[in-house]
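Dear colleague,

Please find the structure below.

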Amino acid sequence: MSYRIGVDIGGTFTDFCVFDEDSGALHTLKVLSTPERPGEEVLAGMRELERRYSIRPADVSYFTHGTTVGVNTVIQRKGINLCLFTTEHFEDVLEVARLKMPDPYDLFSRRPEPLVGREKVFSIPGRMLFDGSEDTPLDEDAVRVAIAGVRAVGGTGIVVALLHSYRNPTHEQRVIEIVQAEAPELFVLSSADVWPIIREYERTVTAVVAGYVQPRVSHYLTSLQAALAEAGVSAEPMITKSNGGVMTAEAGKTRCAQMLLSGTASGVIGACQIARMANVENALSLDIGGTSADVAVVRLGEPQYGVGEMIGDFPIHIPTVSVTSIGEGGGSIAWVDPQGVLKVGPESAGSTPGPACYGQGGTQPTITDAFVVSGFLGNTGLGYGEVSMDKDLGVAAITTLAEPLSMSVEDTAEAIIKIAVSGMYLEVSKMVSRYGIDPREMSLVAFGGAGPMLACHVAQELNMRRIVVPLTPGVLSAFGGLIADIKNDFIRTVYLDLDEQTAITVHEGFADLRRDALAWLRDEQGFEGEATVLYSADMRYRGQSYEIDTVLGADSSVADMEDAFHREHERLYEHADRDAPVQIINLRMVVLGEPPKPSLPKLPPAGGEALAHKMAYVYSNGEWRHGGIYRRDQLAPGHHFAGPAIITQDDTTTCVLDGFTVTIDDYGNLIIEVAGA
Amino acid sequence: MAIDSVTLEILKNHCRAAAESMAFTLYRTAHSTFVKETEDFTTGLTTPDGETFATPTDLGATWFVALNYKNVIDLIDHYDEGDICLTNDPYSGYVCTHSPDMHIWKPVFHEGEIICFVVGHIHNTDVGGAVPASLSRTLSEVHQEGIRIPPAKILEQGVINDDVVSILLANVRMPEQNWGDLKAQIAAMNTGERRVHEMIAKFGVETFKEGIGDLLDYAERQARTIVADLPDGDYVFNDYMDEDVANGYPCRIAMKMTIDGDELLFDFTGSDPQIEGSVNIPTGGEVRHVLMMIGLIYVLYSLDTRLFLNAGIARICRCILPTGTIVNPKFPAAVGLRTLSVQRLQAIIFGAFVQAAPDRLPASPASGGPIMNVNAIDNATGRRVVASIDPITGGAGGNPWQDGTDGSGANSSFLKNTPVEVNEAEVPIRILRYGLAPDSGGPGKHRGGLATVLHFLSQAPNTKVTARNRDRTRFTAWGVRGGRAGAPSYFLLNPGKTNEVNLGNTDILTIDPGDEVLVASGGAGGWGDPLERDPGAVLLDVQRGFVSLDAALRDYGVVITDGAVDMTATSDFRASRSDEGSGEFFDYGSGRIEFDHLWTDGNYAALTELLRGLPVHWRFFVKHRVFEAMDVLDAAQRLGDGSEVRTIFADVIARYPQLKQAAPQ
């Protein structure tokens, strides 16, 4: 017997996805997360897997894991007492940031308080210049004075972020040597080592977020390794990364900046796999949980990447699967404004107390309560029976709004859903305009606890005609971890005008990056299979202040590189200027190693009609209608039926509106389409 | 309300989505770096009458929420489907407010009827004229500020009007950029039109037509609710710009706000005559001109961030804007640098409102810092570099709950800086310091936000530095309720050296290798008595380097010994100073106090009243002659009741018999 296990820890639930290598079957499990005792839920889940499916730890051949320890540390501001060393006269880098405020119309708008207060920022004289030359030598005595300052404020760690260190890190490295020699008890991190990019605020804030959480994350991973070993799992745990890949837990201890958004990223990786299986080229992935909806673009079966994704209040500028997070989820609270207009969010009941219908003390009406009132939810338990639904409590909560609005309870519920969905439409609209794509030509891959519940509504609002709900929609991030590649990113700033002379620098730079990349894959990750190396560069027209990551070949000529950039500029911005001089700012490289991946079998076709195991009354478009309740584990390829319908399974409930039809594809995915499409 | 409130809320989200999508389309496809860097553009949707009912809030400038396109819509005699119109003329309908802003609008038809307009603007880097980038304080006629296209069709039934395009492009310095950006604007209009058609299909044309009116009514009702909460009364507030023209005299904008129930009246009588320079604010006397509404929208939104942003808000307000003044100049007064005066105007509106809501609004934001540009030849490449290196913004005023934000905030929140590392990579300068200026925030129970400061060293000969919108070297950001004014801004050449020069409000400068430039914005005003500030907060400010030990003692009465607050000494010291406060609601700072000594309210009111009786083209001239005479007035003759101004004015008039021939206006 041999099993591959993917685990993803979320705020409320910890998800397990297990692939049985012998039978090709997928098993899923959710257990409650234990944020106060991270790691315990993993062991609890392992015990439960053994109890339910007789999966013994010794039979685990591959183990991937995504954790929110890092993100939660930032959000709850429970990181270490961190200090920052900057170049003298540039100590305000975190305070000033990029000046712009979150809400420019609000005179009271503020940037979040930095993770390192200005009183814990210390000046280091010494100056590097843009070309990497040294203008003023490092003042080593000042470093010693600064270390004394760190001790005086009780600091336990230091981030060193000096000007132009992306070009020449020797001052940063020397500071680290001095700290390690003089104060070995202090944790210390170099900004160029975390991610060596030009733009001092972006590089510094990325290193500060990493430094703030790294000792915590490292401690967690050490405990996890020990716990798994004790439980009898011999496979080295792999950690999912923000770039959609995985790395060893050992690497995660020093590279935690790379794993902070791993949960959302691996969900998108899972969605990409589902899209490929369902023969969908272009899709939007829609992951809705209790407090937020994460939407990502899948283009030709691949996710899109970006930088500047938010960790709590702070942007982090390392390559990350690009996800737009919308502050609306199943727990978003509905309310009536002083003008008598119904609104939904941004307040959320979250997982505690949760929607009123959960009966955990919540009394305010949420989107989930609206689905209970309209009959789509509350027909079975949620989350493996961990949470039960109390329909009366949901009705009572919605009634508090129905009265001031002079509407029936069911009309109020439907209005809440429609308003919430129009809010999601607003955010998705911005995203599709930013990318210049048309959702009407795309499919919606819906997952997460509330994604399949809202998918038909969202698709209707966006004029999308096709929805795919995977077999295990509630644990897709855990599934994504199982199919992720071992993956790392590398960058080098060159800042060159592209021409025949500078091309040598480009090719030499790529050769160096390739050496680093292969060393990482072979030596650090111990991966022996085939390595894939992808070349790209951040390029722009001279005079532009933003770059486009352009895919290049291993030995592209200058003309090839220019052509690739013009084409990419044309694709993204709908124009290109073939006569304008082109600059290369950064060389980039991605290295990939493909671990053995689960190959999901086609399921045997159904032998007859899909049978609703019972009927329910559901309310949509102003009418109560009959709808079948189907059990997901009884649906098989070839089954088809029409909405309204409810499909229940352990990890989520799928709501199908009237006007949609459902078919089951060969892999068991629900394909929900606009009737007559 | 005509349509039900649930549909209204859904329609609202769809309308905003349309406006945001237009903005993202424009931003994505714009050619010029200027548009991407500054986000100085807008998009929106208006009713057939031109009232903006939806605008984006994620991207773009914050100024044009209340823009009404009616005047320019009406200047086109008929519309066909597929038409797109534009104008950048500040004197055709007062929609465009300076020549670089290219405004564009497209009617959206449904079955032959105009249902709404999709609209927007881009600030072009250059539209020709006397100087590169078309803007300078030295210009005095709008003709010098570039080509002006009066309202015209750029597309007729979907076909480009090549005549208009070629005239425009022949007159600008970087035609490819203007053309590229214009194409992006057209793309944004088409995105908006498509979204409107989708909304009509979804909601039905009647619901859409009624709904967009309801969205205006909705914002109006929200605004009325906010204003009704404020006490009725007259609230007077005046403030000055340091100079009306380079090395000129102060320039006053005077305002009396009347709150009457849920309605507002802004009366600008008493403001200075129009300027022989380019800081005039072109309103045409429109009672709800968009530039007069910016401060209002900031205030109402800050009082209640649930406010839906559209032109419905402006319906609760009317303005009195006397002709021939800075707030309503007559053609062809130059208007290019109205940014400077409009920023001051915003803070004046804040000053009027804070009297009505002293426990709900902040002190004055910093301002006065320039947008810094450098134009030089790069030593390494031999190429000329023209770069915007940083906006020197300064912080927000202290407020009833917290300190003002440092370095940026309030009405400068939309600006972004350029990283030090990028500036050094692109521009032949070495940056010696960039950050916050200690002791610049106005002391207060809640401190005013600190100024930003930039110090750099030139690396190339003949480097041209421009510092647009310099102000607040003399008249500083006011504090409120016992809070003190922020520090003045400054602009120095070679600070601390034997060849140091105080550049004052200079906005253009040529420097050579080895020259250093030090520039800072003003600091923001404080809120509440600084002697009531939590000593722990003062200590933290000292530890952070935001307040010096000296200032802790002097401004806050906090005694810090060996890195800790000496609580006993602090209470004793504070008690001994408790009668120190002026008891005045506002603190305007020493520059203003000194000025007010000579230019009392009585004197300045007399001046503006007398000037009003003169022909417009004489007013600025006579103002300067009166100021000259006031400056040398014998101390004994200073009465402050206006009489000395009347005497001087009579003398000046007597000196110029030509004036008698000029017809009064």
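Which residue takes a positive phi just after α15(A)? It is Gly526(A), with a phi of about 65°. Helices (H or I, at least four residues) and strands (E, at least two) are DSSP runs, numbered from the N terminus.

Before the remaining findings, a note on conventions. This is a predicted model, in which local features need pLDDT of at least 70 and side-chain atom pairs count only at pLDDT 80 or more, while totals for chains, interfaces and linings use all residues. Residues are numbered from 1 along each chain as its sequence is written, and chains are lettered from A and ligands numbered from 1 in the order in which they are written.

Helix α15 of chain A

Helix α15(A) covers residues 500-524. Its 25 residues should span 36 Å at 1.5 Å a residue, and the end C-alpha atoms are 35 Å apart, which agrees; the expected span is 1.5 Å times one less than the number of residues. The buried residues of α15(A) are Val506(A), Phe510(A), Leu513(A), Ala517(A), Trp520(A) and Leu521(A). A residue is buried if 20 or more other C-beta atoms lie within 10 Å of its own, exposed if 12 or fewer, and partly exposed in between, with C-beta atoms placed from the backbone. An α-helix has 3.6 residues a turn, so residues three or four places apart point the same way. The cover over the buried residues of α15(A) includes β25 (486-497), β26 (531-541) and β28 (582-593) of chain A.

The contact between the chains

Chain B contributes 65 residues to the contact and chain A contributes 55 residues. Two residues are in contact if their C-beta atoms, placed from the backbone, lie within 7 Å. On the side of chain B that touches chain A, α1(B) gives the most, with 15 residues. By class, that side of chain B has 22 nonpolar, 28 polar and 15 charged residues. Ala, Val, Leu, Ile, Met, Phe, Trp, Tyr, Cys and Pro count as nonpolar, Asp, Glu, Lys and Arg as charged, and the others, Gly among them, as polar.

Helix packing in chain B

The axes of α5(B) and α6(B) are 6 Å apart, and the two helices pack at an angle of about 115°. This makes α5(B) roughly perpendicular to α6(B), a term that applies to angles of 65 to 115 degrees. Axes are lines fitted to C-alpha atoms, for helices over the stretch in contact, and angles run from 0 to 180 degrees between N-to-C directions. Met199(B), Ile200(B) and Phe203(B) of α5(B) meet Val205(B), Thr207(B), Phe208(B) and Gly211(B) of α6(B). The residues of this contact are five nonpolar, two polar and no charged.

The axes of α1(B) and α6(B) come within 10 Å and cross at roughly 90°, so α1(B) is also roughly perpendicular to α6(B). Among the residues that make this contact are Leu8(B) and Leu11(B) of α1(B) and Leu215(B) and Tyr218(B) of α6(B).

Gln222(B)

Gln222(B) lies in helix α6 of chain B. This residue counts as buried because Gln222(B) has 23 C-beta neighbours inside 10 Å. Leaving aside residues up to four places away in sequence, Gln222(B) touches Gln339(A), Leu307(B) and Phe308(B). The C-alpha atoms of Gln222(B) and Ile313(B) are separated by 7.9 Å, although the two residues are 91 residues apart along the chain.

With kind regards

Technical notes: Angles under 35 degrees count as roughly parallel, over 145 as roughly antiparallel, 65 to 115 as roughly perpendicular and the rest as oblique.
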